[in-house]
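Visitor: I have a new model on my screen and would like a walk through it. Could you guide me?
Guide: Gladly; let us look together.

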Amino acid sequence: MEFDMALDWLSTFANMEVKDEIIDDNDERKVIQTFPPLGVCCGIVPWNWPVLTGISKLGPALITGNTIIIKPSPFTPYCDLKLGEIGMRIFPPGVLQVLSGGDDLGPMLTEHTDIDKVSFTGSIATGKLVMQSCSKTLKRFTLELGGNDPAIVCDDVDIDVVVPKITTIAFLNSGQICMVIKRVYVHEKIYDKFREAMVAFAKTIKVGDGFEPDVLVGPIQNAMQYESVKDMYSEVGKRKWGVALEGTAKWLEKE
């Protein structure tokens, strides 16, 4: 799925045209808006979907006439290093580069005076550090940070149709995607029926080795994420969930 999407995205970028726009044209003046390249861009790529997010940064940068340095996550360095290897066969030297390293490499790139734009995909906490670092040289930046995405379920939906879609998107890639559903708001008229259907469908989801057929939920990507998930479930186990009459979930006091 990731490679199919990456090919679609790259093809879309490659077919884009960046044209000048005439803003005003009269007897007194002619105003043309142009889009000159910024210069050197830097794409900081996360460990989940490293190929797709790498393509999403290098494609727009190159089609608009910039050069770019991709910095992959230390948890998934080889995917983007391979992209760089392929790119070296196509582009002139230095147009597309990939630098792999640890946590100290990110600040070196975001603070570098010769880098003009940073595109970062990752956590909110790290995004704040990237913003702070870019401000030292007033460079442009784009932040795509983790969300808390809701699904709103109205009372007139076809539950049998909607439940598999919502549940699948919630568990896709073991939940390790910034755009997966993380909150579900269900109309009170169908709440019980929807919840029972969702639980029943979730029990049919195949868990196992990600290379096996039809496996939807595989292992957590790295030990750091695994430990944080364990801590979260340990905390949940110490508490009770209560649902108010209005249908709003809330934490009750610890037992």
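This is a predicted model: local features need pLDDT of at least 70, side-chain atom pairs count only at pLDDT 80 or more; totals for chains, interfaces and linings use all residues.

**The open sheet and its surroundings**

Visitor: In what order do the five strands of the open sheet run?
Guide: Strands here are DSSP runs of E with at least two residues, and helices are runs of H or I with at least four, both numbered from the N terminus. Two strands pair if DSSP finds at least two bridges between them. With parallel pairing, the order in this open sheet is E5-E4-E3-E6-E7.

Visitor: Which are the edge strands?
Guide: An edge strand of this sheet pairs on one side only.

Visitor: Which residue of E7 is the bridge partner of glycine 122?
Guide: Strand E6 (residues 117–122) pairs with E7 in the parallel sense, over six bridges. Within E7, the partner of glycine 122 is leucine 145.

Visitor: What angle does the direction of helix H5 make with that of E7?
Guide: Helix H5 (residues 124–135) packs on the sheet and touches E6 and E7, where contact means heavy atoms within 4.5 Å. Axes are lines fitted to C-alpha atoms, for helices over the stretch in contact, and angles between N-to-C directions run from 0 to 180 degrees. For H5 and E7 the angle is about 175°.

**The loop around serine 174**

Visitor: Is serine 174 buried or exposed?
Guide: Serine 174 sits in the loop between helix H6 (159–171) and strand E9 (183–186). Its relative accessible area is 19%. Buried means under 20%, exposed over 50% and partly exposed in between, with a 1.4 Å probe and protein chains only, so serine 174 is buried.

Visitor: Which backbone oxygen does the side chain of serine 174 reach?
Guide: Not counting residues up to four places away in sequence, serine 174 touches Leu216, Val217, Gly218, Pro219 and Ile220. At 2.9 Å, its side chain reaches the backbone oxygen of glycine 218.

**The whole chain**

Visitor: How many helices and strands does the protein chain have?
Guide: Of its 255 residues, 30% count as buried. The secondary structure comes to eight helices and 11 strands.

Terms used. Residues are numbered from 1 along each chain as its sequence is written. Side-chain values use heavy atoms; hydrogens and water are left out. A polar contact is a pair of N or O atoms within 3.5 Å; within protein, one must be able to donate a hydrogen and the other to accept it, and residues adjacent in sequence count only if both atoms are side-chain atoms.
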